[in-house]
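Have the model open as you read, and take the points in order.

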Amino acid sequence: MGLFNKSSRHGSSPVNNSASWSHTSSRSSNSFSSDDSPSKARPQPLVSPAYEEVPMWNILPSYQLYETTFSQHVEPTSDDNLHDPPIYEIASGPSSSEEGTHDGDYFSQPADRGVFTRWENSVLGNTHKLKKLSSIAPHHAESLRIDIKLTRKPCQIGVAPDVIDATKMEFSQGDSIHGFVTIQNVSKQAFSYEMFSVLFEGRVSVNGEDPSKQAVFYKFLNMLDYKAAWTPAYFVGDTSQTTEIDPVDGSNLMLSSDKKFVPGVIYKKFFDFTIPEKLLESACEIHDLPCHCELLPSIGLDREQFLQSLRKLREKSAASPKPAKPSFGIGTPPEPSATLKKPLPTSLNRKPTPKNLRVKDFSFPDTSVSYCVEARIFGRLSLYNKDATKDKDEFIILKDSNYPVRVIPKNTGIRTVEHERAAQHYYDSFVREVKACIEIGRSLDGKSDNLARRPSVLKNKQLYTRESFEDVTARAQESSMYEIFLPFKKKSLTQPAKVIGMLCAKTPKNEYVVRYQPPYTYQPYTKSNVALGRNFTVPLDLTFSFVENSGVNPKTHNPPDIRSVGVELVLCTYRSRKYPIPVEFTKHMQFRNKPSSDSLETYVMQPFSTYLAELSKLTERYTHQELNLDNQMVMDIKCLANISTKYNSFKVDNVKCDVQGSWKSADTKGMKFQKKIGVSINLDGLFNKEVNRSSDDISSEAVCLVPTFQECIVGRYYYLSLQVKLSNNDSLTIKVPLRIQN
C-alpha cells in the first residue's frame, strides 16, 4: 500500500570488470514494505548484486591494490594501508585443527576475514556521486593537471609514442585501446592523494529535471587497468614497473609509495584495453535477457564529456581557426568547392561547435550511451575542508580527465525466429502473471472478470465478410505473411462514398538488413569485411475483391489503379527513465500492420498503464501478499507503463516499382483479382544525401543511424513504411522490419 505512489531510490552499478570475466549472478526477492528504515533497504532498480559472492582477493593481483580500490568505502576509515600485507607461509598441505577445518578446500577463507565492501559501496562504484575538489577548493584543484593520449601501438619505454586523434575514429569489438596518462603537479608543494585509477568505462546516463542531478547513471562496462593504477606490487614482464624514468621525455613511470605528487615531476602511466565481444551476464542479471548483454553503440551526447572536450578545444584553439566544412548527411562528404566560404554565424549569434564533438543520431537530448578512458585521483575531504572531521570524512575526486571513445559494435540486434518466439512467449507469460494479480484483486472485491478478452475498438464488420478487421489481422499474424486490408470506396460529388471492394496487401515477414554507414567525420579504427549492401526488393502481393450486393458490376468496373508506391524509413528510440526494461521488444510488439494505431505504445505502454492504474487502486485496499505481487514485478510494471519513445522518419527517394502491370482474375466469377509488385529500394541515397538543418541549429552536425540494439535503459529499432497510393487518393500502408548492422 503506497508503493505505487512513491518513487523508489535507484543507484548505479557497474556490471563489468576486466579483472574477472566470470561472475555468479544472483537474484533478489524482496518483500514489500512501506517502511523506509535504514535496516530495510528499499528496491534498488539499477543495483547489481552479482559481486556479493565474488571474493575480491581471488581476482586481484595485489593485497595493497585491493585495499586501495575495491575495499575503499565511500566513507574512509582511519586504517593505514601502507603497512606490509599479511605474510602467507608455505604449507605442505591441508591440515585440520581444533578450532576448525576446511576439509581441504583451497578457496576457504578464515571466518574473521570480515564483511567485504560491495562494489556499489566502493569508491570506484560511486565516482559520479563524489564531490570534486574543483568545487570545494578550486585553487588546489588547479595544482594538478592530467592529460590522456591514445597511441597506435602499446607504449614502450624508450620508444616515442605514435599519438593518434581517436576522437574521429570508431572502435568495435576486439579493437585495442593503447595510450598513456600524464600527471603533473604545477604547484610548489607536494600533493597528497589516496588512490589513482585508469579505467575504460561504458555508461548510460539520463539527465533529470534538475540539471545538476541525473535520473539514471548506469555503468554497464567497467574495466580497470591494474598496471596503471597505484600499487606497490610489480607485474611480471612489465618493465615500466621496474624502470623509473622514461628516456623519451624524462617522465617518472612509477608513483611513489607515499602517495604524493612532487612538484616539477611529470608522472606517466601506460594503459591498454581491449573492447570485449559482449557484456557479462550481470549486465542484465535481474531479467537475464540475452540481447541486453550485447555491446551498445555510442549514441546521444554525454554532457560531461562534451563540456570537458569543449574546454580542451578552447584551451588549444588557434588564433585563426580553419573554416569548417558544411554538414553532409551520414556518408561521404561532398566534393570540395573551389572557394571555401567562411561559416556564417548562427541565429543564436554563437560560433558553430566543432563538428567532431556532435553527431546527429536522433537520440533523446537528455539520454546518452558513451564510452571513455577515465583517469581519476581520489583524496580525503578533511584535507581541504575544515568542517570534515575524521568521523565525518569522505572521499572526493581531486582531479579527473576522460578521453571519449566512440564504439559501434558489430553483429548486434540479430534475432532468429526461435529467439523471437521465445522472447514473445516470455512477454506473454509476464502479461498473464500481471493479469492474474489483477484477477485476484477483483475476486476479493467480488467483481471477478476474465481479462483475457479485452474489448476492442475495431468491431466494425465489413460488408463482404463476417470477420472484423481485428479478427482478420489476428489471423494474419499467425501466418508467415504480413497482411493488411483497406476498403476501396467509390467517391462521388453528389452521393456519399460507397465501399465497392476490399484491397489486401501481403508481404513476407522478412527482416531486411543493411550495412551501417559511419558519419563522414569518423572512420573505423579497423576496417570491416561485412559484405552487406543497401539495396533490396520488397515483394507485394495485392488482391482486390468486389463486394457483393454493392451495386457495382465487375464487368464494367475495373480494380483500382496503383498510382505509385512511396517508402519511408522510420526509426524509434525508446528509453526508461528509472527502472530496467524487463522484456525484449519483439517485432510483434513493435508493429502488427493493423489499420488503426499500430505502435509500441499501443501494444505495450497503454496496456501496462491500465494495469498499473488498476493495481494502484487494489493496493490501497489489499496487501501485496494478498495480490501475489512481488517487488520486482512492481518495478517491471512501472517501467513498461512509463517508457518514452521518439520517432523520426526519412523519405526514401531511390524507389523503383512497376505499377503499370495489369490485374489478373483470380476466380471464375470475376469478383477477385490479383497483382504482384516488386518494390526495389536503395538506401544509399538516404545515407549520403545532405540533411536539411533548421534555422536554430547551433552546429554543423554529421548524421548517423546507429545499428539496431536493445539494452536495459535505451534501445533503437527501424522499419520501412510502404504507402501504396490508389487512384481515389487513398493509400494503404504496410510496414516491414529493417535492421542496420555494422
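Which residues form one aromatic cluster? The points below start there.

1. The cluster is made up of Phe200, Phe220, Phe271, Phe273 and Tyr371. Please keep in mind that this is a predicted model, where local features need pLDDT of at least 70, side-chain atom pairs count only at pLDDT 80 or more, and totals for chains, interfaces and linings use all residues. Residues are numbered from 1 along each chain as its sequence is written, and side-chain values use heavy atoms, with hydrogens and water left out.

2. Tyr193 and Phe261 are a stacked pair, because their ring centres are 4.4 Å apart and their planes meet at 15 degrees. Tyr193 sits in the loop between strand S5 (191-192) and strand S6 (195-207) and Phe261 in strand S8, so this pair ties together parts 68 residues apart in sequence. Strands here are DSSP runs of E with at least two residues, and helices are runs of H or I with at least four, numbered from the N terminus. Tyr193 is buried at 4% relative accessibility, and Phe261 is buried at 1%; buried means under 20% relative accessible area, exposed over 50% and partly exposed in between, with a 1.4 Å probe and protein chains only.

3. Now for another pair: the rings of Phe220 and Tyr371 have centres 5.5 Å apart and planes at 85 degrees, so they are edge-to-face. Phe220 belongs to strand S7 and Tyr371 to strand S11 (residues 367-380), and the pair links distant parts of the chain, 151 residues apart. Phe220 is buried at 0% relative accessibility, while Tyr371 is buried with a relative accessible area of 1%.

4. Do look at Asn252 as well, in the loop between strand S7 (214-224) and strand S8 (260-261). Is Asn252 buried or exposed? Asn252 counts as buried, at 12% relative accessibility. A polar atom of the Asn252 side chain lies 3.0 Å from the backbone nitrogen of Met254. Beyond neighbours within four places in sequence, Asn252 is in contact (heavy atoms within 4.5 Å) with Glu244, Ile245, Val265, Ile266, Tyr267 and Lys268.

Note on methods:
A polar contact is a pair of N or O atoms within 3.5 Å; within protein, one must be able to donate a hydrogen and the other to accept it, and residues adjacent in sequence count only if both atoms are side-chain atoms. Rings of Phe, Tyr and Trp (its six-membered ring) pair if their centres lie within 6.5 Å; planes under 30 degrees apart count as stacked, over 60 as edge-to-face and the rest as tilted.
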